[in-house]
Amino acid sequence: MDILNAIVAFSNFVLIPATSYGSQLALGALGVTMIYGILRFSNFAHGDTMAFGAMITILVTWWMQALGLHFGPLPTALLALPVGIVGCLLLLVVTDRAIYRFYRIQKAKPVILVIVSMGVMFIMNGLVRFVIGPGERHFSDGERFIISAREFKALTGLAEGLALRTSQAITIATAIIVVAVLFWFLNRTRTGKSMRAYSDNEDLALLSGINPERVVFVTWVIVAVLATIAGVLYGLDKSFKPFVYFQLLLPIFAAAVVGGLGNPLGAIAGGFIIAFSEVMITYAWKKVAGYVVPWWSPEGLVQLISTDYKFAISFIILIIVLLFRPTGLFRGKAV
Amino acid sequence: MNSTLKTTALFLVVTTLIAITGAMQSWNSALLIVNMGLVSAIMSLGLNLQWGFAGLFNVGVMGFVALGGLATVLISMPPVHEAWRVGGVHVMTALFIGVLTIAIAIVVFRRIPKGSLRTTLLIVILVVGFVTYRAILDPGVAAVEAINPTITGNLGGLGLPVLLAWPVGGLLAATAAWFIGKTALGLRSDYLAIATLGIAEILIAVLKHEDWLTRGVKNIIGLPRPVPYEVDLQNSPWFIEMVQDYGFELAAASSFYVKVNYSLLFTVILVILLIMAQLALKSPWGRMIRAIRDNEVAAEAMGKDVTKRHLQIFILGSAICGIAGAMMTTLDGQLTPGSYQPLRFTFLIWVMVILGGSGNNFGAVLGGFLIWFLWVQVEPIGLFLIDLLTAGLAEDSAIREHLRQSAAHMRLLTMGLILLLVLRFAPRGLIPEK
């Protein structure tokens, strides 16, 4: 019984939150890694791109809620998501045409593009705060729980409860679908193959008649989809606040680099590695330890590091991987 | 137009802008811009050393600035004797054990050949060290934070003159930079950027959450000043007499006098650092650094130790940012860890360097002043424009209200726009490198 309670507590406080957070990071890291693979720079504006896509979705969600439109037990934001993606794509395409293309034609050094993306970051950040404000925004509705801790306890008779929030289930399900579609696209379709060819060897791809502008456009479409979905899922799971999205840049980058920049599979693995380490190292293990080793009653919370230092964890993992395996776990590329 | 003339003209433009502020708003706010402009110019000088001279992509300026701020507290605040008595020994022992653990781990890593023995040893050392560290630190911290938490709740500082904090801030930043440089400088440019970004966040997290050290988000206020207090001035006969001679208002004059004092102090520091940076740039050492930046492989082939030079300049640049951070905290008279934001303290400094002209010290100084001026003035200008544009709308129109409230975010938009325009149309900045 104690072991069962320990497993339930572990799932409730570590497994489920870490899996959904990991899915959000993986989607974000996939966007970063796609841009790095095709456009060959680290995009500092990615966190703010996520915020922008989420913002459009939130605005549409509010409008739908005002009209009385609902999506049954699911959050209305899912209905608004396509509009958010289109809005995000519009912004990205305009940015690319007005800003990035100039440097692409010039064949500017990647580091210049990184600085350019810092400028884009400022503008997107300002834009989001300008429209929706810097404060915290809630937009989730529908059923809050698929199964709440109380229901679970009543159902199983265990002392520990297991809660599964709708947003967590949606996050995990959506991430699986999106990743499956993305990999099918990259590996099976003609466009996807041409993108991988372009990423592997630009000159050779150009020689075989691949249109670079088309590849870049499709990349931005994929980035808009990934960034908006990641942003909306994170907002549903926690809440929407522009500054938090900016700060997400660090774990997202860590995930992409740990997996190997430019490698989509690596980005997913990296996302989960970062999320699980973050949650497990900052979790107070007292409860679980109490079930597993009942004779040991620790004084403190048995928390390795306080949650205040969660950034430190993604960062330390990043440094360790970079020092010992500089191209990441899954052999990324280097420009 | 020759370049000296152009530089002079650009500096005159900035001076005029600040003078207009003085004439239209108030001379006090103009001086406020000058003071923070001086601090910004020093930060931008530090980053220019790293990015402009050596091409090091440091996105962690905020962390070094914050360390300078920490130095101000550690040097100038009076020690809290009670806290030292109940928890000082614990905290210091724990910190010593922490450092010792890392040192032993590094020695083991270096001395023992790679293999399972080394891995096991490392894990054992780190785990035992961490558990001991926490076991000793936690009660000490609890004891320290229990002492008069509304006013202190921390260990305080050394109670030394605050001016001493400026070089110490530089030293603290330099030490941090040494550690960071040792681990991260070998990385590719964008990895280094991500690494420094992360380190800056961690440093801020430490300042925000280690209450025994900095009181965290409760802030430390009332830091000692290197210049007289307004209240004392208003009560001292010589000052009252002087003010009456010139016919100024007493309160405004005292505040003005204090700010002028700060300006003079800051100017002295800026001039010293500028001369040093200029001398370094023109020395054989400066030429070597630039040669490394322009072609690392060739410089290495000529026998230059690229890694060592990079480490050196990373430390120097960070130290300058640390000094600027200490000066800024002194000027504010308080340490507010919650106010350190990367957009303001890292990326804004980048805009300063890029706009001024990376690789040119005068450019960095100009960029510091100009961008700081805009950062302060964009909001009122934006508000003015919004009022003008929405003049046709009703007084209580929702759109107008929303726009007015959002004017504060115009700064971010403007800074992004400036950065993009400069990169596109004048990539070498206002005062290009020679």
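Trainee: Which residues touch the most other members of the largest nonpolar core?
Mentor: This is a predicted model, where local features need pLDDT of at least 70, side-chain atom pairs count only at pLDDT 80 or more, and totals for chains, interfaces and linings use all residues; side-chain values use heavy atoms, without hydrogens and water. Residues are numbered from 1 along each chain as its sequence is written, while chains are lettered from A and ligands numbered from 1 in the order written. A nonpolar core joins buried Ala, Val, Leu, Ile, Met, Phe, Trp, Tyr and Cys residues through side-chain atoms within 4.5 Å, where buried means under 20% relative accessible area, exposed over 50%, and partly exposed in between (1.4 Å probe, protein chains only). Of the 224 residues in this core, those that touch the most other members are A:Leu27, A:Phe44, A:Ile115, A:Phe240, B:Phe57, B:Tyr340 and B:Phe347.

Trainee: Which element gives the largest share of this core?
Mentor: Elements are DSSP runs numbered from the N terminus: helices (H or I) of at least four residues and strands (E) of at least two. With 15 residues, the largest share comes from chain A, residues 212–237, which is helix H9.

Trainee: Which residues of chain B does A:Phe44 touch, not counting residues up to four places away in sequence?
Mentor: Contact requires heavy atoms within 4.5 Å. Within chain A, A:Phe44 touches residues including A:Met118, A:Leu249 and A:Phe253. From chain B, its partners are B:Val59, B:Ala193, B:Leu197 and B:Phe347.

Trainee: How much area is buried between chain A and chain B?
Mentor: Here, 49 residues of chain A are in contact with 46 residues of chain B. In chain A, A:Phe122, A:Phe130 and A:Tyr309 lose the most area to chain B, together 19% of what that side buries. Carbon and sulfur atoms give 78% of the total buried area (accessible area, 1.4 Å probe, that two parts lose on being put together, summed over both). That total is about 4,300 Å².

Trainee: Which residues line the largest cavity?
Mentor: On a 1 Å grid over the protein atoms alone, a cavity is a set of points where a 1.4 Å probe fits but cannot get out, and a pocket is an open set with protein on both sides within 12 Å along at least five of seven lines; lining residues have an atom within 4 Å of a point. The structure holds three cavities of 30 Å³ or more. The largest contains about 40 Å³ of space, taken as that filled by probe spheres set on grid points joined across faces, edges and corners. Its lining is A:Phe246, A:Gln247, A:Leu249, A:Leu250, B:Leu197, B:Glu201 and B:Phe347.

Trainee: Which residues are closest to the centre of the second largest pocket?
Mentor: The second largest pocket holds about 1,200 Å³ of space. Its lining of 43 residues draws on both chains, with helix H3 (77–106) of chain A and helix H2 (27–53) of chain B among the elements that give two or more residues. Closest to the centre are A:Lys109, A:Val111, B:Trp51, B:Gly55 and B:Arg293.

Trainee: Is B:Ser44 buried or exposed?
Mentor: B:Ser44 sits in helix H2 of chain B. Beyond its neighbours within four places in sequence, B:Ser44 contacts residues including B:Ile349, B:Met352 and B:Gly368. Its relative accessible area is 0%, so B:Ser44 is buried.

Trainee: What is phi of B:Arg215?
Mentor: B:Arg215 is in the loop between helix H8 (211–214) and strand S1 (220–221) of chain B. Its relative accessibility is 9%, so B:Arg215 counts as buried. Phi is positive here, in a residue other than glycine, and lies near 65°.
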